[in-house]
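This briefing is meant for a reader who is meeting the structure for the first time. Please keep the sequence and the model at hand while going through the points that follow.

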Amino acid sequence: SCSASVLEARRFFELENELLRKRYHEKFLSVYTYNTNVTEENRQAMIEINARNAEFNKRLAQRIKASDYVQSEDADIRRQAEHLSKLGASALNPDDFLTLQNAISSMQTNYATVTVCSYTNRTDCTLTLEPHIEERLAHSRDPAELSWYWQQWYDKAGTPMRDHFAEYVRLTRKAAQLNDHRSYADYWLQFYEDADFERQLDATFKQLLPFYRQIHGYVRYRLRQHYGPDVMPAEGNIPISLLGNMWGQSWSEQLDLFTPYPEKPFVDVKAEMVRQNYTVEKLFELGDQFFQSLGMRALPPSFWNLSVLTRPEDRQVVCHASAWDFYQDSDVRIKMCTEVNNNYFYIVHHELGHIQYYLEYEQQPAVYRGAPNPGFHEAVGDVIALSVMSARHLKSIGLIENGRLDEKSRINQLFKQALTKIVFLPFGYTMDKYRHAVFRNELDESQWNCGFWQMRSEFGGVEPPVFRTEKDFDPPAKYHVDADVEYLRYFAAHIFQFQFHKALCTQAGQYAPNDSRLTLDNCDIFGSKVAGRSLSQFLSKGSSRHWKEVLQEFTGETEMDPAALLEYFDPLYQWLKQENSQLGVPLGWGPTNKISS
Ligand SMILES: C=C(C[SeH])C(=O)N1CCC[C@H]1C(=O)O
Ligand SMILES: [Zn+2]
């Protein structure tokens with residue numbers, strides 16, 4: 001349709017998108033400068049640019065609201081108008097906006113710079129989360145030491161942030177109301193473009209809970225065998241400090257405590273990487289080569305020149321891994337404090353997935369340079385990692401000997417994957433179930449800390465290693481709470497990534513239903529140009545089309561559906577049900593007693 005009004009509207013959005021692209025370019029340069037050099041001066045400069053951009057975004061939204069673009073006869077004009085009317089914090093008046101920016105950046109600065117004291121040398125208080133504390137949580141087998149680092153971190157990264165967090169809740173609530181949302185939770189949920197999505201998330205979580213209970217029961221049983229009944233009661237909540245990760249979101253670091261068949265040790269890729277003198281650079285080159293093998297773009301020279309891939313010696317940085325799009329000249333970067341180990345091997349691929357998405361949709365107008373469903377952006381890298389972590393692929397890059405696992409080794413491998421992919425689900429679910437309750441005023445401020453642990457216990461059967469009260473405040477001990485980053489995107493990504501994996505493996509001829517040689521858990525799409533074209537097609541759409549439409553073209557489905565995930569893990573699920581009943585392993589847990597009611 002080329003009526004005069006549509007032509008005028010197209011002209012309007014073409015101009016506005018170019019201005020928006022320039023604003024994004026300027027904004028992300030200043031945020032990156034702060035993240036890669038945490039100084040007060042850089043923090044102030046970042047806030048100033050954010051405030052200026054907020055005014056421009058607000059004015060654009062007002063002009064669109066005053067127009068009839070949302071009723072345009074042209075569907076694309078309507079979509080662009082709707083997207084550009086979605087204001088977040090930008091709806092606040094300049095003073096409130098600055099106050100909110102200060103609250104969030106203060107929490108982020110604390111998270112990035114906090115250090116704790118060594119368990120073995122109490123006068124050394126220079127230990128950082130990455131790499132020192134995470135290394136201790138992954139390798140110590142002393143419950144007292146594990147509990148020490150857990151408490152040091154939560155007491156220093158969490159509790160002192162309570163006032164900033166309260167300010168953040170107050171002002172994001174005000175922003176949401178200015179945008180006619182019931183709450184900031186509803187502002188976050190609108191990015192899924194599906195009024196039914198929250199219900200789907202609840203239903204998906206309930207559907208996967210029985211599988212999680214089997215893993216939880218087995219791990220608790222094995223922890224009890226190792227640490228004894230005083231540390232691990234038979235039917236209790238699992239102390240998070242025993243699980244190898246500060247937040248209990250992934251348990252694979254302590255894998256060798258719970259390997260189903262320890263006599264068939266699953267190859268520790270880290271040991272082999274160290275033996276082969278792997279460098280951080282090599283990890284990124286492997287990821288880059290994987291995408292190129294699919295016929296997708298190589299990382300541009302600017303990536304290698306401008307990224308920050310290891311912790312600098314001479315300045316403070318925000319170590320939490322992140323990928324960056326500067327909306328100009330294919331300038332894409334990663335900032336992370338990489339170490340050569342299993343966890344970072346995964347994170348490198350996770351971040352490169354974001355980078356490939358940025359490169360694939362860069363031709364879109366600025367308003368569409370994003371994912372149509374936040375879960376998609378978090379799933380891309382993980383899909384590639386599913387191929388990379390397969391025995392078939394690890395053998396092909398010389399990191400393990402045996403590319404075809406026998407039944408017992410296959411159970412070990414599936415168990416290792418489940419300790420990240422299934423264990424993550426209650427954590428991801430709780431992070432935003434909790435924040436939604438806070439944002440919706442369903443959880444009273446007097447219960448903000450105990451309510452957090454009550455939900456972690458209810459949904460995941462885990463608890464703090466030490467008693468917690470309302471004098472503590474633990475949620476800001478997690479990066480995303482400090483940085484105002486919504487978290488259900490990761491829960492959704494853990495479901496979508498198996499749907500994407502199944503589609504790509506089918507397209508690559510590496511998966512066939514009921515063919516025991518071509519199963520999902522040993523599929524490796526490396527080198528498949530067919531799969532690469534399909535993935536590239538999917539990513540290049542950006543958010544120009546509704547996520548159900550682009551999902552349908554990519555996998556044939558129109559919903560988030562855990563069927564592919566359950567198919568991938570089925571052999572393990574069957575093994576666990578049989579093993580747990582044979583061992584008489586109790587399943588399930590009661591309310592945590594680590595909080596005062
Ligand atoms: C690596 C990133 C940056 Se988008 C991250 O935050 N992730 C990746 C997996 C889950 C989540 C986390 O660390 O909590
Ligand atoms: Zn991510």
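Which residues does Ser-85 touch, not counting residues up to four places away in sequence? In this predicted model, Ser-85 touches Ala-61, Ile-64 and Lys-65 once residues up to four places away in sequence are set aside.

**Selected residues and their surroundings**

- Ser-85 lies in helix 3, which covers residues 75-85, and it counts as buried because its relative accessibility of 17% falls under the 20% cut-off.
- Tyr-261 is found in the loop between helix 10 (255-258) and helix 11 (269-275), and with a relative accessibility of 17% this tyrosine counts as buried.
- Leaving aside neighbours within four places in sequence, Tyr-261 is in contact with Lys-408, Ile-411, Asn-412 and Trp-575, while its C-alpha atom is separated by 7.4 Å from that of Ser-409, a residue 148 residues apart from it along the chain.
- Ala-103 is found in helix 4 (residues 94-113), where it is buried with a relative accessible area of 3%.
- The contacts of Ala-103, again leaving aside neighbours within four places in sequence, are His-164, Glu-167 and Tyr-168, whereas the C-alpha atoms of Ala-103 and Glu-470, which are 367 residues apart along the chain, are separated by 21 Å.

**The zinc site**

- The zinc ion (ligand 2) is coordinated by His-350 through NE2, by His-354 through NE2 and by Glu-378 through OE, at 1.9 to 2.0 Å.
- Along the chain, the donors of the zinc ion (ligand 2) follow the spacing H-x3-H-x23-E.
- Both His-350 and His-354 lie in helix 14 (residues 342-360), where they are 4 residues apart, or about one turn of the helix, and both of these histidines are buried.

**Nonpolar cores**

- The largest nonpolar core holds 176 residues, and of these Trp-153 and Trp-251 touch the most other members.
- Apart from this core lies another one, of 13 residues, which includes Phe-13, Ile-77, Ala-81 and Val-367.
- With neighbours within four places in sequence left aside, Trp-153 is in contact with Tyr-111, Val-114, Val-116, Leu-129, Ile-133, Gly-158, Met-246, Trp-247 and Ala-477.

**Cavities and a pocket**

- How many cavities of 30 Å³ or more does a search of the whole structure find? The search finds 3 of them, and the largest cavity has a volume of about 50 Å³.
- The largest cavity is lined by Tyr-212, Gly-248, Trp-251, Val-423, Pro-426, Phe-427, Thr-430, Arg-456, Gly-460 and Val-462, and the elements that give two or more residues to this lining are helix 18 (424-439) and helix 19 (448-460).
- Helix 18 supplies the largest share of that lining, with 3 residues, and by class the lining of the largest cavity has 6 nonpolar, 3 polar and 1 charged residues.
- The lining of the second largest pocket divides into 7 nonpolar, 7 polar and 4 charged residues.

**Backbone features**

- Glu-130 and Pro-131 are joined by a cis peptide bond, with omega at about 0°, and Pro-131 lies in helix 5 (residues 129-139).
- Glu-193 has a positive phi of about 45° although it is not a glycine, and this glutamate is found in the loop between helix 8 (184-189) and helix 9 (197-227).
- Is Glu-193 buried or partly exposed? Glu-193 counts as partly exposed because its relative accessibility is 24%, a value that lies between the cut-offs of 20% and 50%.
- Tyr-327 also has a positive phi, near 55°, in a residue other than glycine, and it lies in the loop between strand 2 (322-325) and strand 3 (332-335).
- Tyr-327 is buried, since its relative accessible area is 9%.

Note on methods. Residues numbered from 1 in each chain as written. Chains lettered and ligands numbered in written order. Predicted model: local features only at pLDDT ≥ 70, side-chain atom pairs only at ≥ 80, totals over all residues. Heavy atoms only, no water. Core = buried A, V, L, I, M, F, W, Y, C linked by side-chain atoms within 4.5 Å. Buried < 20%, exposed > 50% of the residue type's maximum accessible area, 1.4 Å probe, protein only. Contact = heavy atoms within 4.5 Å. Donors = N, O, S within 2.8 Å, 3.2 Å for Na, K, Ca; no water. Nonpolar A, V, L, I, M, F, W, Y, C, P; charged D, E, K, R; others polar. 1 Å grid on protein atoms, 1.4 Å probe; cavity = no way out; pocket = protein on both sides within 12 Å on 5 of 7 lines; lining within 4 Å. Points joined across faces, edges and corners; volume = space filled by probe spheres on them.
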